[in-house]
Amino acid sequence: MINEGKIKLADILLVEDNPGDVRLAKEALKESKLLNKLYQVEDGIKAMAFLRQEGEYSDVPRPDLVLLDLNLPRKNGREVLAEIKADETLKRIPVVVLTVSRAEEDVLKSYNLHANCYISKPFDMEQFVKVVKSIENFWFSIVKLPPPGDK
Amino acid sequence: MNTEDKGEPFDILLVEDNPGDAKLALEALKVGRLRYEAHVVEDGKQAISFLRREGEYADAPRPDIILLDFNLPKKDGQQVLAEIKEDENLKCIPVVVFTVSKADEEILRAYDLRANCYITKPADIEQLFKIVRSIEDFWLTIVKLPA
């Protein structure tokens, strides 16, 4: 994945086990003006293997942004978040928690674990697509992400 | 601070020593649709006092979000960020670093210190307005903030 050119391809890792939400997120990002590549894994163990480029993920890029569901099989999103943010080589990657939960406890816990932001998934499909587009627009056109190639 | 969904205004803490930039940011927020109360402090020491409700800030509200310049007198923005993110009571408050520097080193440092995001302050006024509005839209309408 060569990102050195003028056109930066945004690599996004979606950690999500719900196929409907995956499909909607893909659609939302496909309509984007921004060049992006969406990678998806459906559980917490795979998410960590992807981020650490282990096993079948040895050739994947380090993502620029992680969209993380909290309710995941095998290893839940809180553990994934805690591991990312405790790992010296991964902690800089912005993690957007994107989950159905609206519970204050989940929100607070996520920020305390240094989630970069917490977003409740809207139930409405159109709203969900809008939120994914907002995330992409904010993180890739407004924010300055950690520069690549720093490892 | 668990009433924001019922229409309580958001409290924004702007840590900015340049009066021109502070004024512009406040104007940009004012034209927004959201109800908010902005509090401005102009150095790092004041920022920490405000957050810890010390001295003249005994009655200060807990901000919902912090916009933090990195170049500050008395205590610089990196130090302020580090203190916020190491403080069990404060670390959940989102900190948007909003500063002039585009240097990779500063950006990395900010994320290492657990800034929630890093945004470069544009020199152009129209751009600045646009960026402040984007911050407001994203953080106050899309994101769920800690109560």
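How many helices and strands are there in chain A? Chain A has five helices and five strands. The model shown in these views is predicted.

**View 1. Chain A as a whole.**
Starting at the N terminus, the elements of chain A follow the order β-α-β-α-β-α-β-α-β-α. The radius of gyration of chain A is 14 Å, close to the 15 Å that the globule rule gives for 151 residues, so chain A is as compact as a globular protein of that length. The C-alpha trace of chain A spans about 40 × 30 × 25 Å along its principal axes.

**View 2. The open sheet of chain A.**
The sheet is built from five strands in the order β2-β1-β3-β4-β5, and their pairing is parallel. Strands β2 (36–41) and β5 of chain A stand at the edges with a single partner strand each, so one side of each has no neighbour in the sheet. On average, and with direction ignored, neighbouring strands of this sheet are turned by 20° against each other.

**View 3. Strands β1 and β2 of chain A, with helix α2.**
Six bridges join strand β1 (residues 10–15) of chain A to β2(A), in the parallel sense. The bridge partner of L14(A) in β2(A) is Q40(A). Helix α2 (residues 44–51) of chain A packs on the sheet and touches β1 and β2 of chain A. The direction of this helix makes about 135° with that of β2(A).

**View 4. Helices α2 and α3 of chain B.**
Helix α2 (residues 44–52) of chain B packs against helix α3 (residues 77–86) of chain B at an angle of about 20°, and their axes are 9 Å apart. Angles under 35 degrees count as roughly parallel, and α2(B) and α3(B) are therefore roughly parallel to each other. Their crossing is right-handed. On the α2(B) side the contact is made by G44(B), A47(B), I48(B) and L51(B). The residues from α3(B) are G77(B), Q79(B), V80(B), E83(B) and I84(B). The residues of this contact of α2(B) with α3(B) comprise five nonpolar, three polar and one charged.

**View 5. The contact between chains A and B.**
Chain A gives 22 residues to the contact, and chain B gives 22 residues. On the side of chain A that touches chain B, α4 (104–112), β5 (117–120) and α5 (125–142) each supply at least two residues. The largest share of that side, five residues, comes from α4(A). The residues of the side of chain A that touches chain B are 13 nonpolar, five polar and four charged.

Definitions and conventions. Residues are numbered from 1 along each chain as its sequence is written. Chains are lettered from A and ligands numbered from 1 in the order in which they are written. This is a predicted model: local features need pLDDT of at least 70, side-chain atom pairs count only at pLDDT 80 or more; totals for chains, interfaces and linings use all residues. Two residues are in contact if their C-beta atoms, placed from the backbone, lie within 7 Å. Helices (H or I, at least four residues) and strands (E, at least two) are DSSP runs, numbered from the N terminus. Ala, Val, Leu, Ile, Met, Phe, Trp, Tyr, Cys and Pro count as nonpolar, Asp, Glu, Lys and Arg as charged, and the others, Gly among them, as polar. Axes are lines fitted to C-alpha atoms, for helices over the stretch in contact, and angles run from 0 to 180 degrees between N-to-C directions. Angles under 35 degrees count as roughly parallel, over 145 as roughly antiparallel, 65 to 115 as roughly perpendicular and the rest as oblique. A crossing is left-handed if the near helix is turned anticlockwise from the far one by less than a right angle, and right-handed if clockwise. Two strands pair if DSSP finds at least two bridges between them. The radius of gyration is taken over C-alpha atoms; the globule rule is 2.2 Å times the number of residues to the power 0.38.
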